[in-house]
Amino acid sequence: MNSIIDFRSDTVTTPTPEMREAMKNALVGDDVFQDDPTVRELEEKAAERLGHEAGLFVVSGTMGNQVCIKAHTRSGDEIILDPRSHIFNHEVGMAASFSGVQVHPVDIWNPPEIEAAIRTEDIHHSETTLICLENSFESFRGRPMPVALTEQIYDLAARHGIPVHVDGARIFNAAAALEVNVREITARADSVMFCLSKGLAAPIGSMVVGNRDFIRRARKVRKMMGGGMRQVGVLAAPGLIALEVMSRRLDEDHRNARLLAEGLRPLPQIDFLHEVETNILLFRLRDTSLSIETLSERLLERGIKTLPGEHGQMRMVTHKDISPEDVSATIEAFRDILM
Ligand code: TLP
């Protein structure tokens with residue numbers, strides 16, 4: 001059992017001993033010259049795994065999403081996204097400031113709404129040039145988007161000739177929950193971003209995949225953002241382990257999330273806001289004088305870190321550094337504090 005049990009996010013995962021060993025031994029080169037063999041290997045393998053031609057190693061999920069938006073659009077264009085998405089809420093308004101695009105928020109789970117939001121040819125309109133999906137959906141809930149829904153959106157986008165970008169920060173969690181090969185939900189997208197540094201436990205990094213021409217443009221945008229990196233094979237090496245090994249164990253985290261939910265659900269004060277489908281739980285407290293912030297402080301006294309979120313909600317995320325024993329200890333702590 002760990003001395004600190006950290007449920008704030010799966011971004012807190014620490015690199016595995018194999019990752020540290022791989023970092024030490026990584027072959028490197030100047031990646032701006034595309035001379036780094038480890039980065040190249042990671043880019044090729046990421047693309048192959050998701051069913052695309054080429055890949056690009058970027059610093060973070062935010063950089064990956066924003067590189068894609070810029071590479072797909074021109075200033076003044078309009079992009080369709082969900083008002084609950086990370087790009088809309090948690091990327092510091094970068095789509096506006098960096099790409100100069102106007103966002104058109106719609107319920108992305110409702111294809112007719114997406115279709116209705118696509119601008120027609122009209123002298124007054126800006127042009128719709130991108131549709132952004134997120135899978136798993138909502139950083140605070142982690143809902144896998146059903147394959148049929150994703151297919152429907154790819155179909156309508158293709159009918160209108162509009163590219164689709166997938167913010168797949170947790171795409172392997174989504175694939176595991178849907179019990180599909182990740183390609184089934186990524187191959188038809190025009191670009192996909194996924195994170196190596198969340199549940200996959202790499203210390204840093206995200207990947208963008210797409211066709212060769214798109215990745216060539218994205219590489220240039222990354223350079224524009226100051227994201228041209230040099231001997232980063234030392235960072236791509238743990239990324240390879242994240243991609244090849246860690247992406248195949250996420251069911252364990254989902255099991256632990258369900259175990260935690262089952263333990264907390266009988267507590268009358270816990271009001272779950274959704275079904276637990278991946279590694280994320282979101283709830284609020286009912287009928288209690290205790291605030292979410294106080295609950296979080298009381299848990300911290302017992303070595304359990306949580307993130308009191310917006311609107312009196314608490315989010316808890318399971319990951320490879322949380323064991324079933326940690327989950328049992330956490331349920332015990334909740335019982336002591338709330339009963
Ligand atoms: N999400 C973080 C926070 O920013 C909320 C987290 O702890 O979940 N897309 C999605 C869907 C994300 O959840 C995140 C990070 C990102 C993009 C951005 O990734 P980073 O943090 O690497 O820039």
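**Close-up views of a predicted model**

**View 1. A cis peptide bond in a loop.** Ser-136 is found in the loop between β5 (128-134) and α7 (147-160). The structure shown is a predicted model. The peptide bond that leads from Asn-135 into Ser-136 is cis. Its omega is near 0°.

**View 2. A positive phi at Gln-34.** Gln-34 also has a loop setting, between α1 (17-25) and α2 (37-50). Its phi is near 55°. That is a positive value, in a residue other than glycine.

View 3. The ligand is surrounded by 14 residues. The closest are Ser-9, Thr-62, Asp-167, Arg-170 and Arg-315. Sorted by class, this shell holds 7 polar residues, 6 charged residues and 1 nonpolar residue. Helix α3, residues 61-72, supplies the largest share of the shell, with 3 residues.

View 4. On its own, the ligand has 510 Å² of accessible area, and the protein covers 81% of it.

**View 5. The largest pocket, where the ligand sits.** Which pocket holds the ligand? The ligand sits in the largest pocket. About 340 Å³ of space lies in this pocket. Its lining is made of 24 residues. Closest to the centre are His-86, Ser-139, Ala-169, Arg-170 and Lys-198. The largest share comes from α3, with 3 residues. By class, the lining residues divide into 13 polar, 7 charged and 4 nonpolar. Some names return from the earlier views. Arg-170 is among the residues closest to the ligand, and Arg-170 is also among those closest to the centre of the largest pocket.

View 6. About 280 Å³ of space lies in the second largest pocket. How many residues line this pocket? The lining has 16 residues. Nearest the centre lie His-90, Glu-138, Phe-140, Glu-310 and Gln-313. Two or more lining residues come from each of α4 (86-89) and β13 (313-317). The lining has 8 polar, 5 charged and 3 nonpolar residues.

Key. Residues numbered from 1 in each chain as written. Predicted model: local features only at pLDDT ≥ 70, side-chain atom pairs only at ≥ 80, totals over all residues. Heavy atoms only, no water. Near = heavy atom within 4 Å. Areas by Shrake-Rupley, 256 points an atom, 1.4 Å probe, with all protein chains shown as cover. 1 Å grid on protein atoms, 1.4 Å probe; cavity = no way out; pocket = protein on both sides within 12 Å on 5 of 7 lines; lining within 4 Å. Sits in = over half its atoms within 2 Å of the grid points. Helix = DSSP H or I, 4+ residues; strand = E, 2+ residues; numbered from the N terminus. Nonpolar A, V, L, I, M, F, W, Y, C, P; charged D, E, K, R; others polar. Points joined across faces, edges and corners; volume = space filled by probe spheres on them.
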